[in-house]
Amino acid sequence: MNEEMARYFTRPDLKAAKKRGKQEVSVLQFEHIPEEMRGIGDGKRYMIKTYGCQMNVHDSETIAGILELMGYEATDSEEEASVILLNTCAIRENAEDKVFGEIGRLKTLKTEKPELVLGMCGCMSQEEGVVNRILTKHQHVDLIFGTHNIHRLPHLLKEALMSKEMVVEVWSKEGDIVENLPKAREDGLKAWVNIMYGCDKFCTYCIVPYTRGKERSRRPEDVLAEIRDLARKGYQEVTLLGQNVNAYGKDFTDREYRFGDLMDDVRKIGIPRVRFTTSHPRDFDDHLIDVLAKKGNLVEHIHLPVQSGNDRILKIMARKHTREHYLELVRKIKEAIPDVVLTTDIIVGYPGETEEQFQDTLSLMREVEYDSAFTFIYSPREGTPAARMKDDVPMEVKKERLHRLNRLQEEISRRKNEALRGEVVEVLVEGESKKNPDILSGRTRTNKLVNFRGPKHLVGRFARVRIDEPRTWTLKGEWVEDSPMDQVGS
Ligand code: SF4
């Protein structure tokens, strides 16, 4: 198969994806599965391999929901699957390399089983370079669809099943909102709920504003109805999801309703724990802090990416916040919520980063005292403005900075966890520990992982656990008694 033999509905265009017009966001409703596709998957299996962030994990739940409406059932076995979809991530180069490795590896299976539909979706599909590479080098792929095209899956799968050509449909839209999408959620305990899509921040290292479209918020009544439904079904925790949740509601033209208002309304729903991710410091307003300070089901954990502690680097990153603004925000949050746990994302070795500038990141880390941090070495992503900058910090320097940063974070994390020794914490018990089935594991309100010995009936419920062995990244403890929280929502 060559490029001529591919069947395009639309192909990706990063330039078009960058456009931010004044076009109104349309709220579309997911239609039923077309008559001819109902039952097409009866007796057949699907497998979705998900890479990258939580947004992708949640998209995979939607894709699974659509496939299940067509009759397919999930499987963990590639040999059993009639449809294999790779839901991909474009944020880092090694994530892309992994996907290409996987596509190459699956060629043997596809050759042995030509009726298998092998597809790719997610952020990588939005990149012209990736799609062209698949068209020329990986012609055994049957289907490519983009992040805006998930609701079109029944039609696209039909095309892929009927035609011998590769089916490609990737819209480079500013974006719409599709409501009423089915979801096959991974567990009955914790659920992810999209509150907004896209991002307009255009940080210079990031591909998301190009792959996910413009910022657009779901209507609060749709979000609240979904959360109420999850509460009715017995879910114990929801995480409100968006690339930049603090921008929620900025795009509404018919009402003044922002993220703080949404959190205040979610607070009144009988679901025991509510989290959100991810925040951008720029849009984090005082009203939101006031609402979070009311606590209740709003947990005292905030993930607040900073990326760098140096103003010059923050400017080159186009982060739209300064060190001072960030530290002032942290001060306000800590004042309103004294037991808050803060976590962050940091990039080291950005183009032009000097030792002094890196020292500013270390000092900011010391000042804020994060409980944990996701730390990364900068690597350029094709299509982003930073990819045109000179990547001039040598790899050994980047690695050495990352090492120093991680050592400092470990020291702080250990100290923070040590402070919990002897404390009794509330744990939502998720299941048996991966390493030892006699040990249960779950998370605190602040999202810390706790392992403890306890009866199996606690799984799916809240337990009170005394921490007797704090470690750097996890806590070990002893079960005290059933938590009164167990009465809520179960
Ligand atoms: S805020 Fe910046 S880093 Fe986060 S998704 Fe938007 S552009 Fe990317």
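An unreviewed UniProt entry lists residues 418–481 under the name "domain: TRAM". In this structure, which is a predicted model, the chain over residues 418–481 is 2% helix and 56% strand, and the C-alpha atoms at its ends are 22 Å apart.

The protein chain is also divided into domain 1, covering residues 3–169, and domain 2, covering residues 424–487. The centres of domain 1 and domain 2, taken over C-alpha atoms, are separated by 38 Å.

## An open parallel sheet

Seven strands form an open sheet with parallel pairing, and their order is β1-β8-β7-β6-β5-β3-β4. Because β1 (6–10) and β4 (73–74) stand at the edges with a single partner strand each, one side of each is left without a neighbour in the sheet.

## Two helices

Helix α2 (residues 54–69) has 16 residues and reaches 23 Å from its first C-alpha to its last, which is close to the 22 Å expected at 1.5 Å a residue. Its buried residues include Met55, His58, Ile63, Ile66 and Leu67, and the helix is followed by Gly71, whose phi is positive, near 105 degrees.

Helix α14 (residues 395–418) has 24 residues and reaches 34 Å between its first and last C-alpha atoms, close to the 34 Å expected at 1.5 Å a residue. In α14 the buried residues are Lys398, Arg401, Gln409, Ser413 and Asn417.

## Surroundings of the ligand

Around the ligand stand Cys199, Lys201, Phe202, Cys203, Cys206, Val208, Pro209, Gln243, Asn244 and His280, and the residues of this shell divide into 6 nonpolar, 3 polar and 1 charged.

Phe202, a member of this shell, lies in the loop between β11 (196–197) and α7 (208–211). Although Phe202 is not a glycine, its phi is positive, at about 50 degrees, and Phe202 counts as partly exposed because 15 other C-beta atoms lie within 10 Å.

## Other backbone details in loops

Asn180, in the loop between β9 (177–179) and β10 (190–194), has a positive phi of about 70 degrees although it is not a glycine. Asn180 has 12 C-beta neighbours inside 10 Å, and therefore counts as exposed.

A further detail concerns the peptide bond from Thr277 to Thr278, which is cis, with omega near 5 degrees. Thr278 lies in the loop between β14 (273–277) and α10 (286–292).

Key. Residues are numbered from 1 along each chain as its sequence is written. This is a predicted model: local features need pLDDT of at least 70, side-chain atom pairs count only at pLDDT 80 or more; totals for chains, interfaces and linings use all residues. Domain bounds come from an automatic or database domain assignment. Helices (H or I, at least four residues) and strands (E, at least two) are DSSP runs, numbered from the N terminus. The expected span of a helix is 1.5 Å times one less than its number of residues. A residue is buried if 20 or more other C-beta atoms lie within 10 Å of its own, exposed if 12 or fewer, and partly exposed in between; C-beta atoms are placed from the backbone. A residue is near a molecule or strand if its C-beta atom, placed from the backbone, lies within 6 Å of it. Ala, Val, Leu, Ile, Met, Phe, Trp, Tyr, Cys and Pro count as nonpolar, Asp, Glu, Lys and Arg as charged, and the others, Gly among them, as polar. UniProt positions are given in the numbering used here, feature names are shortened, and annotations may be inferred rather than shown by experiment. Two strands pair if DSSP finds at least two bridges between them.
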